[in-house]
Amino acid sequence: MEFKPGDKIYKRKNGFADKSKVYEIESITEESEGNWHDGYNTIWVASLVGENELFIIKFAIWGEITEIYAEKAIKNE
């Protein structure tokens with residue numbers, strides 16, 4: 001799942017979307033670190049409109065083992 005600025009999301013807690021509040025993504029950065037021997041980690045960090053803290057949207061190891069911490073909010077839900 002790809003996220004972009006302007007997307008409305010729910011934060012996921014314990015594997016389920018917490019639909020009590022909708023957040024809007026203001027900006028996203030992708031940060032990668034690692035090497036060929038130990039592996040590569042990539043995190044996607046978002047700034048959310050009206051929030052003071054950054055939020056990790058997604059985390060991936062070697063681009064395959066992925067944890068997603070947000071879910072897109074669907075209109076008319």
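1. Six bridges join strand S3 to strand S4 (residues 55–61), and the two strands run antiparallel; here strands are DSSP runs of E of at least two residues, helices are runs of H or I of at least four residues, and both are numbered from the N terminus, while two strands count as paired if DSSP finds at least two bridges between them. Within this pairing, Ala 46 has Phe 55 in S4 as its bridge partner. The hairpin of S3 and S4 has six residues between the strands, and Gly 50 in the turn takes a positive phi of about 80°.

2. On provenance, this is a predicted model, in which local features need pLDDT of at least 70 and side-chain atom pairs count only at pLDDT 80 or more, whereas totals for chains, interfaces and linings use all residues. Residues are numbered from 1 along each chain as its sequence is written, and side-chain values use heavy atoms, with hydrogens and water left out.

3. As to the overall architecture, the protein chain has zero helices and six strands, so that, by the DSSP assignment, its elements run β-β-β-β-β-β from the N terminus on. The C-alpha trace spans about 45 × 25 × 20 Å along its principal axes. Of the 77 residues, 25% count as buried, where buried means under 20% relative accessible area, exposed means over 50%, and partly exposed lies in between, with a 1.4 Å probe and protein chains only.

4. The electrostatic contacts deserve a separate check. The structure holds six salt bridges, a salt bridge being a side-chain nitrogen of Lys or Arg within 4 Å of a carboxyl oxygen of Asp or Glu. One of them joins Lys 4 to Asp 7, with the closest N and O atoms 3.2 Å apart, and another joins Asp 7 to Lys 72, with the closest N and O atoms 3.5 Å apart. The latter pair links distant parts of the chain, since Asp 7 is in the segment before strand S1 (8–13) and Lys 72 is in strand S6 (residues 70–72), 65 residues apart. Asp 7 counts as buried because its relative accessibility is 9%, whereas Lys 72, with a relative accessible area of 30%, is partly exposed. Through shared partners, salt bridges join Lys 4, Asp 7 and Lys 72 into one network.

5. A further salt bridge is formed between Asp 18 and Lys 13, the closest N and O atoms being 3.3 Å apart. Asp 18 has a relative accessible area of 27% and is therefore partly exposed.

6. For the aromatic residues, a search of the whole structure finds zero aromatic pairs, on the criterion that rings of Phe, Tyr and Trp (its six-membered ring) pair if their centres lie within 6.5 Å, with planes under 30 degrees apart counted as stacked, over 60 as edge-to-face and the rest as tilted. Charges do sit over rings, however: the charged end of Lys 11 is over the ring of Tyr 23, 4.5 Å from its centre, and Lys 58 lies over the face of Trp 44, at 4.5 Å from the ring centre. The criterion here is that NZ of Lys or CZ of Arg is within 6 Å of the ring centre and within 35 degrees of the ring normal.

7. At the surface, Trp 36, Tyr 40 and Trp 62 form a nonpolar patch with about 420 Å² of accessible area together. Patches are made of residues with over 30% relative accessible area and no salt bridge, with like charges joined within 9 Å and nonpolar side chains (Val, Leu, Ile, Met, Phe, Trp, Tyr) within 5 Å; accessible areas come from the Shrake-Rupley method with a 1.4 Å probe, and for residues only the protein chains shown count as cover. Trp 36 is placed in the loop between strand S2 (16–35) and strand S3 (39–48), and it counts as exposed because its relative accessibility is 67%.
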